[in-house]
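Here are my notes on the model. Please read them with the structure open.

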Amino acid sequence: MSVERTPSVGQPDRAATAPAVRFVGLGLRWAGAAAPLIDGLDLELPAGRVSALVGASGCGKSTLLRLAAGLLAPSAGEVRLEGPPLGPGGRAFVFQSPNLLAWRTVEDNVSLPLQLQGRSEPAAVEAALSAVGLLGARALLPRALSGGMRMRVSLARALVTRPSLLLLDEPFGALDAITRRSLHGVFAAAWAERGATVLMVTHDIEEAVLLADRVVVLGGQPLSVRAVRDIPGDRPRPDSARYAPAAIEAVRALEAAL
Amino acid sequence: MSGTPARSMALPAAVAVGVLVAWAGLASRLPEVLLPGPISVAHAVVDRWELLGRSALSTAGSAGLGLLIGSAVGLGLGVGFLWSRALELAVYPYALLLQTLPVVAVAPLLVVWLGYGAPVAVASAALVSFFPMLTAAHVGLLGVDPEQVELFRLYGASRLQELRWLRAPSALPAVFAGLRTAAGLSVIGAIVGEFVGSNGEPPSLGYLVLRSARSADTALTFAAVIAAACLAGVVYWAARTAEARLIGPWHPGQGGGRA
């Protein structure tokens, strides 16, 4: 998969407008549950960087992402977004399943977030479609797309409002290994260009080390931070970066913490 | 859909021919009043073409108007239930109760309230088509993917936007399934209303069936029954066509079939 983009993206300037995400004394207890799912969690995720949240399935990492998105309210503590206030469309969420509207074409699915704010910006839709390489499929219905293409539409829809906070809930989880690898490149390039703060939930440590600047291993009940590791080097990294000795060492260390 | 087009035409046609032959054979052994043969029924259709046509049109009008009213109230109440849990709790049990009420038993009451004439047929058609539409709307509007609702909430969508761009389109398959049921029922409802509440002005299929059966004009009864069946077929076909046009391109339930 070839992706056109400018070469170096260390700390893009748009990072200045992206928020840092800070969980402060965060607690969450489901109604009727004996023990809290999250109890007094403190964690900071840097502005304009990609952070990966890794953990066993069912540990509560997706719930943490929903809290950051404001889709769930914590029962204790708070989620602080430190930086300029987010406008409408300032945050975007990519679900594990693409969640496209079956009756809308690719293009109309991508423009939905703008439409919901009463905006019409064909240029933004065009740019988002082009970022994921789907300009040619704009008039198709989701039914005609492969799983990987649907996921790309879902990403384009998240990018179209130029969010400063991008939340991804296992976006590659339901895809086969080959599609997943080809999408890594598309995703990494698309979000690197925009300099947003990215929080990505995954259960794949190798994927986390390849795509993120910071990997956070979560686990336990209540949920706690098991390990935090910063991954040096510019993004997006080529797929071969996963075989670099430093990457392999990072994966080993993080797996030990899992 | 299974089989070749030729096969899917030939098989029903063979059944039709078989039924006609059996019918003619049986009718030749029985008095005309009990069972008129296909030929005399065809004669009745040709001879009373104008009366049959006017009656069918009037019944179609009553069924159509009743379906429209029943659907509007059913769909409207479905949206009401979506937006107000209190309304749903307060009204839904009675809507369920209304459905168990046989329209045949209520029709005489409608005559008391509305007098003789087409309004009874319209009201009775509306009564029977209301419930399937309400259930369809209720199930369809609430049965939305919760993550898609979250997506709309994330972008601060209003309730109206959520209804218009998410819930209404995603409810369409259920609503059309309800419409197919309601459309068939509305013809039955109209004819029941005409049995009880029609004085022959305007002429209607329900009235024609009753009057011809009473005056031992059984061939005309058959003709009217066939006209009623055709009417129900046309209504069903129209609902099916609208469904295929509107949701066919994206709804996977369309054009499926057995392996």
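1. Is the crossing of helix 3 of chain B and helix 8 of chain B left-handed or right-handed? The crossing is right-handed, meaning that the near helix is turned clockwise from the far one by less than a right angle. Helices (H or I, at least four residues) and strands (E, at least two) are DSSP runs numbered from the N terminus.

2. This is a predicted model: local features need pLDDT of at least 70, side-chain atom pairs count only at pLDDT 80 or more, and totals for chains, interfaces and linings use all residues. Residues are numbered from 1 along each chain as written, chains are lettered from A and ligands numbered from 1, in the order written.

3. Helix 3 spans residues 49–83 of chain B and helix 8 spans residues 159–197. Their axes come within 8 Å and cross at roughly 145° (lines fitted to C-alpha atoms, for helices over the stretch in contact; angles run from 0 to 180 degrees between N-to-C directions). Residues in contact have backbone-placed C-beta atoms within 7 Å. Among them are B:Gly66 and B:Gly70 of helix 3 and B:Gly189 and B:Gly193 of helix 8.

4. Chain B gives 16 residues to the contact and chain A gives 14 residues. On the chain B side, helix 7 (146–154) and helix 8 each supply at least two residues. Helix 7 of chain B gives the most, with 7 residues.

5. In chain A, 3 strands form an open antiparallel sheet, ordered 2-1-4. Strands pair if DSSP finds at least two bridges between them. Strand 1 (residues 20–28) and strand 2 are joined by 5 bridges. A:Arg22 stands opposite A:Glu44 in strand 2.

Key:
Contact = placed C-beta atoms within 7 Å.
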